[in-house]
Structure formats: C-alpha cells, structure tokens
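Let's go through this model together, one question at a time. Have a look at the sequence and structure first.

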Amino acid sequence: MIDFERPNMTVQIPVYQPYLRGNEKKYVMDCMDSTWISSKGEYIDRFEAGFSELTGVKHAICVSNGSVALHLALHCLGVGKGDEVLVPSFTYVASVNAILMSGATPVFVESDPENWLMDIADVARKLTPRTKAIMPVHLYGFTCDMEKMAQFAKSNGLKIVEDAAEATGVRVNGHHVGRFADVSTFSFFGNKTLTCGEGGMIITNDDDLAENLRITKNQGMSTTRRYWHDRFGVNYRMTNIQAAIGVAQLEQLETISREKKRVYDRYRRNLVDLPLGWQVQNSDEFQSDYWLVSFLLSDEAMREKVMKHLEENGIETRPVCICAHQLPYLETAGVSFPVAQDIASRGMSVPSYPDLSDEEIDHICAHISASIGGI
Ligand SMILES: *Cc1c(COP(=O)(O)O)cnc(C)c1O
C-alpha cells in the first residue's frame, strides 16, 4: 500500500505502517460511546488477560509505553542508586535511559556477532559486587539464549529484566518470550509488531512484584483505601482507548505474524546471492516476529550508498541503532565494543510491514541489488 500522506512526500514505501484491519475502529468507538476513555474500563482488563494468555505468564500489567515499563520494572525490583545493571551497548536507547531513571548505573556489554544480542561471555566479565540486574534486549525479533542467561543470573543472585519490546509473538521451543526472566516488558509503539499507538506491558509470574507494579503505576495508591499512599508512585497508566486498539490487535496477531514471516522469507530468498550479513538464531525451534527485516552491508560506506539509492527511489530505510556508549551523554572514555560497533556501523532495516506486497518486496530487492552492484 502506498501512503502519500506521510510528511516526507518522496517516500512511497515506508519502513513500517501498522496493520489496522480488525476491530480497532469499532472498539475505539465503543470507548467513545460509553465515555470510558480514561485508564479504567473493560478493554484494559481484556488486553491484560489476553496478553497473559498469549505469553503464558501469570500477570500482565499494561502501562503507557515500553520505556516506562522498563523503568517501573527496575524500580519495583528495588534496583536504584548504587546498583549496576548490565545492558548491551547495541540497543535502542530506551533500555539505557530506564536504568538511568531508576538511579542505577548502566554497565555496557558487548554484542554477539551471530545474533547481534548481548554476549553472555561478556556479561560474566562485567560482573561486580554492585551488579544487581541484567537487561537482555531481544532486537529485531531475535532472542538471547534466555535459559543460559537465567542460569547465570541465578548462580550470581541477579534479577533479569527482559526488554522484549520488539518481541511480541516470539517463541522459543514453543514458549513465548518472558518465561526465564523475573520480569519482561513489551512496547506497542506504532511500528512494533502489535500496536496501540503508544503503549507497553509488563509480565511476571511473581505475585508480590505484580501487586507492587500495579500499585506503583497508579501513584502508589492502596487498592483498598482511597488516597492512601504507602509508597512512592507514578502515573504510568494506559488508557482504555489504547487498550481497545490492543485488544483488536491481539485478535489479529496470528495474521500479522504470518504476513511478517512472508515478508522476511521473501527478502531472504530474493537477496540470497548478495553479500549481506543476517542475524542467526541458535535454536531449531524458533519462531520470530521478524520485527524489522535487517542485515549488514560490507561496510559503512556501502550502507550509506544503498540507503541513499533506495531513498532516491521512494523507499524508506533505517540504519540500526547507534551504540549507547558512543552517544554524547553516555560516552565512556576508553571503552570500545568492536562487535557492537561493527554491527551498528553497517546494519540497516528495510520496509517490513505486514501488508507490504510481494511485488513491492521484489521492487525493493531489485534496487538493493542494483545499488550494491549485483545483478
Ligand atoms: C521500542 C523499544 C523500547 C521503548 O518502547 P516505547 O514504547 O517506544 O517507549 C524499548 N526498547 C526497545 C528495544 C525498543 O525497541
């Protein structure tokens, strides 16, 4: 589908657009008609119940977005000033900012060259007596080896806060992500696999933590006595309107996942003869959500060349994230992560939304080939 109404008029194929072909509009109108537009209502309960069912994790607590989900999770686990949290330098910056907001210190970790994710061997090297938690991040729909990560965390007395913002619908050995962490968080921003416009979810099997999360996200107000606040709190609530969109999206998740797999598979097939680096998952039974189809070019100059060529032809692309340790306010003197920096310098994402047609994918691939100098 070509969207001419985007701000950049030259873009004909965007990197992402949400798939809103189900009951989204109907449920939102229902909120309007019933006047339940704030943070109480039927859709909140349905969205949480549906997400808990999807993931197989006991408690699902919705919040305003994926960034505050991470902060709330850290805060409610007692992570704060004086603590260190291990986080990959190659991640979206929200992971790192959530740690800073909690008062703790982010300690950066190198990435794995195969799956581009947090390198467990380097996690072990970065451990200090102040390390309180590990924050693995599942980027582009691929996952860290969470079983291994959980074993490591357990033997070192650490908590795991899993940033699964890009991993709604991702399964390993038949289980949805979230099984091996103390707490996992998801994002429902407009370009995520499942969207509510803005939104987030926190899941956990821990009853006490779940209660703390629920109370803290609601200004710390007691569930039995109104305006009694026995702890610090915030307003991280989601609205019923957001949840209404979320419920409609959950109903379509199977279709969305199927279409995104079609898109990924077609890119892989079309681009098989080009010298591109792809993420690799070390598990036989792996079902990704193929969040954004992403690959590495031979070097940074080649990436810029390909991105420019595609842009000139109305195809939007994105570079992958810049390493956090190289951002001005996080820069750490003398620190370098060769693998993470290498991925960050030559990785890019191409249009990956569910209703991208086969013809559009073929068209994009032809331009990628032409710009690399292939066939
Ligand atoms: C999107 C994203 C977030 C933040 O989610 P928002 O809903 O945009 O606040 C955090 N971490 C990762 C890895 C993300 O991709």
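Q: By class, which residues make up the shell around the ligand?
A: This is a predicted model, where local features need pLDDT of at least 70, side-chain atom pairs count only at pLDDT 80 or more, and totals for chains, interfaces and linings use all residues. Residues are numbered from 1 along each chain as its sequence is written, and side-chain values use heavy atoms, leaving out hydrogens and water. Ala, Val, Leu, Ile, Met, Phe, Trp, Tyr, Cys and Pro count as nonpolar, Asp, Glu, Lys and Arg as charged, and the others, Gly among them, as polar. On that basis the shell holds 5 nonpolar, 5 polar and 3 charged residues.

Q: How far is a polar side-chain atom of E166 from an oxygen atom of the ligand?
A: A polar contact is a pair of N or O atoms within 3.5 Å. For S187, a polar side-chain atom sits 2.7 Å from a ligand oxygen. For E166, the distance to an oxygen atom of the ligand is 2.6 Å.

Q: Is Y290 buried or exposed?
A: Y290 sits in the loop between β10 (286–287) and β11 (294–296), strands being DSSP runs of E with at least two residues, numbered from the N terminus. Its phi is near 40 degrees, a positive value in a residue other than glycine. Buried means under 20% relative accessible area, exposed over 50%, and partly exposed in between (1.4 Å probe, protein chains only). Because its relative accessible area is 11%, Y290 is buried.

Notes:
Polar contact = N/O pair within 3.5 Å; in protein donor to acceptor, adjacent residues only side chain to side chain. Helix = DSSP H or I, 4+ residues; strand = E, 2+ residues; numbered from the N terminus.
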